[in-house]
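Good morning, and thank you for joining.

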Amino acid sequence: MLKNFLAIICAASFFFMSSAQATNSKVEVAVQFAIDIANDQSHGYSQGIPPYTGSRESPDYDCSSLIYHAFNHAGFNIIDNWHNNPKFFSRYDGKQYSGDADTIWEDLSVDGGWEKFSWSEIKDNLQRGDILCNPARHCAIYIGDGMTVEAKGVNNYRGGSYATGDQGGEIDFYPAQGRGWTEVYRYVED
């Protein structure tokens, strides 16, 4: 177990020093934002609770809010598009600032420049900045070398709790393969 833990730490430290870059500078800003959040222990996991008061909107994030905030920070209109999505009002009465795993594609694609692939057609050709998604369950950002950055929650391999901040790998780096992804969203416009 300790050997596996050390291997994960070594792999993760590689990404902090890696010179790999996304092919688009805006996408790279989003990737780096998510990596920085994962490296900052003041950020942990939260899905928020009714009435959706923002507890998943920083300092803590769930899987989808991390992606919404990362790509919004990079200059994509994903949060504004969510606020114009009819689901914004029908699901949360307009009180949840960012959308969910099943609305990411809707909210990204409004402005164009994105392409959706099935997991099976692209799983062996992932690019840094791809958004990996199973809309019914989970989403993550691919950072290269077979790894993702994601808010995976308090029930991950290192434990954790719902207290603010990271109590154990709540936002961290994980292998991309074998995770049940069904879709990949890639920004293809330069």
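R56 and E57 are both buried, where buried means under 20% relative accessible area, exposed over 50%, and partly exposed in between, with a 1.4 Å probe and protein chains only. Their side chains meet in a salt bridge, at 3.2 Å from N to O; a salt bridge here is a side-chain nitrogen of Lys or Arg within 4 Å of a carboxyl oxygen of Asp or Glu. R56 and E57 also belong to a network of salt bridges that links them with D62, R91, D100 and D102.

A word on the source: this is a predicted model, in which local features need pLDDT of at least 70 and side-chain atom pairs count only at pLDDT 80 or more, while totals for chains, interfaces and linings use all residues. Residues are numbered from 1 along each chain as its sequence is written, and side-chain values use heavy atoms, leaving out hydrogens and water.

How many salt bridges does a search of the whole structure find? The search finds nine. One of them joins R186 to D130, with the closest N and O atoms 2.8 Å apart. Both R186 and D130 are buried.

Let us turn to the cores. A nonpolar core is a set of buried Ala, Val, Leu, Ile, Met, Phe, Trp, Tyr and Cys residues joined through side-chain atoms within 4.5 Å. The largest has 41 residues, and those with the most contacts inside it include F71, W114 and I141. A second, separate core of 10 residues includes F117 and L132.
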